[in-house]
Amino acid sequence: MARVVVDVMLKPEILDPQGQAVQRALPRLGFEGIADVRQGKRFELEVEGPVDDAALARIHEMAETFLANTVIEDFTVRVDEAVRAES
């Protein structure tokens with residue numbers, strides 16, 4: 001079994017109010033020097049069987065139609081090699 005990770009982030013041109021709230025709070029908590037914060041989502045998918053090109057294409061389709069709102073979000077799909085090596 002392998003893990004595929006889908007990371008979803010707001011597009012750079014989209015305002016990120018949650019990220020801005022975190023950025024404003026950091027100095028008050030003693031964390032200086034952070035210029036920008038953007039918040040996103042991470043999905044970890046445990047895949048049965050091999051993660052071949054067909055499986056990755058299907059997961060990409062899933063991310064594009066269900067996991068991300070592609071009007072305002074970008075996403076990446078990658079195989080978590082650390083989990084694959086442990087198997």
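I began with Glu73 in this predicted model: a polar atom of its side chain lies 2.7 Å from the backbone nitrogen of Asn69. I counted a polar contact as a pair of N or O atoms within 3.5 Å, where, within protein, one must be able to donate a hydrogen and the other to accept it, and residues adjacent in sequence count only if both atoms are side-chain atoms. The side chains of Glu73 and Lys41 are also joined by a polar contact, of 3.3 Å.

I then looked up the surroundings of Glu73. Leaving out residues up to four places away in sequence, Glu73 touches Val8, Met9, Leu10, Lys11, Lys41, Leu67 and Ala68, a contact being heavy atoms within 4.5 Å.

Next I placed the residue in the fold. Glu73 belongs to strand β3, residues 73–79; strands are DSSP runs of E of at least two residues, and helices are runs of H or I of at least four. I read the order of elements from the N terminus as β-α-β-α-β-α.

Finally I noted values for the whole chain. Buried residues form 29% of the 87 residues. Among contacts with a separation of 6 or more, 74% are between residues 24 or more positions apart. The C-alpha trace spans about 50 × 35 × 15 Å along its principal axes.

On conventions, I number residues from 1 along each chain as its sequence is written, and side-chain values use heavy atoms, without hydrogens and water. Local features need pLDDT of at least 70 and side-chain atom pairs pLDDT 80 or more, whereas totals for chains, interfaces and linings use all residues.

Notes: Buried means under 20% relative accessible area, exposed over 50%, partly exposed in between (1.4 Å probe, protein chains only).
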